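The sequence and structure come first.

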Amino acid sequence: MVTADLFNSLYVFILAAFIGFEVIRRVSPLLHTPLMSLTNALDAIAVVGAIILAGEHKSTLATVLGTIAIVAATSNAVGGFIITDRMLKMFKSSRTQKP
Amino acid sequence: MIPGTEYVIEITYIVAAVLFILALKWLSSPVTARRGVWAGEVGMVLAIAGTLLYRGIVDYKWIAIALVLGAIIGVPLGNVGMTAVPQRTALSHAFGALCVTLVGTAEFYLRAPNVPPFLMSVLSLEVILGGLTVTGSLMAAGKLQEILPQRPITYKGQNFVNLAMLAIAVAIAVRLVLHPEAMVLYPFMVGIALVFGVMMIVPIGGADMPTVISLLNSYAGLSAAAMGFVLNSKLLIVAGALDGASGFILSVNMSKAMNRSFTNVLFGAFGQVQTSGAAAVEARPVHSATPEEAAAILSAANKVVIVPGYGMAVAQAQHKVRELYDLLTKKGVDVKFGIHPVAGRMPGHMNVLLAEADIPYDKLLDMEEVNGDFPQTDVALVIGANDVTNPAARSDAGSPIYGMPILDVDKARTVMVIKRSMNPGFAGIDNPLYYLDNTLMLFGDAKAFVGSIVRELSGGGGHG
């Protein structure tokens, strides 16, 4: 059972890593800073693990650590999406420039 | 609880994973990039909403408080100035890794002493990578914010001490995998990872920050993927793998751009003070020019390539540079920007700073695109960049930066370099570019000097 989960997870990881390499290789160096802030925001999906931990109340330690973890991850998601969008808004082509 | 909720949750996760991949795909072009942010946001909200339906959750109070508090902290972090983006990014690596490390720790104490060996191995990987990323990123953020000294601190046997610490952490991990009941060892493993993070960044100077930030990005992603293994969450594995891949690609890019092997970067041998014969350089004659002369040469040119470096950002000269760009473009001069991969304090940072100053992105060329243009360029104007234009990297096998890919500004008809003084750059390497016959040195503060050129150009237009 546990071993089956492990191999499933490994498949997912390997396939996702390949997709990641192929997709991210195509991102122009122009946008490498927004790329990093966006992947950072997406990484904040770890919040789902923290939510379950904080909500399940299995132990005080788990609830406390889970709650702090939610704060850390949520601030990353919110801040990461805001700054990525702010940066991308600034990138204008000379053809489409000036409304 | 409504039956079938677990399927609903799984479906939100699958949709979120697809949206995350699309988000990165749309980021490949500035035209579709903002759609990518939107996709990421929708995916994140969906996944969080799905998780809140989970039947095991008995109390929503702390979740709600933490989500609100996180959002309150996140808003100012999303609104920092563009020059501060590198330290903000480092800080967010620390937050992401903190979340992962805390969740891993909680999982350990919930399951111990009955942790299956495989689970304990990925959990150890999760908290070791997470722990060193937390403190390493905080150190990097501190150096970038200039709270901590930017000067690299090195001592004898540094690599040995660092590797030994890492080895001890791994040894504890192995011990815990074999005997998870030895719970008392767990805090030591995390503690050593935290200390290691600090020691890892201590020997690194400001110039190596682009590589380090990328590397920490990769670690943060991998630790999140490891957390996905522990929680058996495919969504987390996907997000972590994407982040890890992105950080890895950027680290490889950065180390190539600095001509360092990847292992060299990994083992913290970077940031070492170069003790080449920089001090022994005799005073060679240079040609210098005034803002009036520079303005005259620029307005007579057909094709100008501006090469900005971090010095431009430090001097906050990008808005003056934009005025110069406007004036020259109006006079019919073809102006482009040549950007080295390591210009700025993180990958792509210079592009963001120039985009903020309203310079159209199709004028921002990366090194490979622009290098072929220099022989046909009338003027290459170097602002606050040094080592990335040093022709010694091409020709002088004895130079510490030999082999590093550079912008071939010396092939332009005229090179103008705005520089405060003749002091060598951070690497302490003399730049033969400054002594070439076709090089004019423009001594002064980047912002003030570009401002004077702008005044000359617009004033001249008014009189004529």
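## Helix pair within chain B

α5(B) and α6(B) are roughly antiparallel to each other, a class given to angles over 145 degrees, where under 35 counts as roughly parallel, 65 to 115 as roughly perpendicular and the rest as oblique. The axes of α5 (residues 117-144) and α6 (residues 158-178) of chain B come within 9 Å and cross at roughly 155°. Axes are lines fitted to C-alpha atoms, for helices over the stretch in contact, and angles run from 0 to 180 degrees between N-to-C directions. Helices (H or I, at least four residues) and strands (E, at least two) are DSSP runs numbered from the N terminus.

Contact requires C-beta atoms, placed from the backbone, within 7 Å.

## Model and numbering

The model is predicted; local features need pLDDT of at least 70, side-chain atom pairs count only at pLDDT 80 or more, and totals for chains, interfaces and linings use all residues. Residues are numbered from 1 along each chain as its sequence is written, while chains are lettered from A and ligands numbered from 1 in the order in which they are written.

## Contact between chains A and B

Chain B gives 97 residues to the contact and chain A gives 80. On the side of chain B, α4(B) supplies the largest share, 16 residues.

One helix pair across this contact is α2 (residues 32-43) of chain A with α4(B), whose axes are 10 Å apart at an angle of about 20°. These two helices are therefore roughly parallel, and their crossing is left-handed. Among the residues that meet are Thr33(A) and Asn40(A) from α2(A), and Thr89(B) and His93(B) from α4(B).

Ala385(B) lies in the loop between β4 (379-383) and α16 (392-395) of chain B. With 28 other C-beta atoms within 10 Å, Ala385(B) is buried; the cut-off is 20 or more, with 12 or fewer for exposed and partly exposed in between.

Leaving aside neighbours within four places in sequence, the contacts of Ala385(B) include Val307(B), Pro308(B) and His340(B). Ile418(B), 33 residues away in sequence, is 8.7 Å from Ala385(B), C-alpha to C-alpha.

How values were computed. Two residues are in contact if their C-beta atoms, placed from the backbone, lie within 7 Å. A crossing is left-handed if the near helix is turned anticlockwise from the far one by less than a right angle, and right-handed if clockwise.
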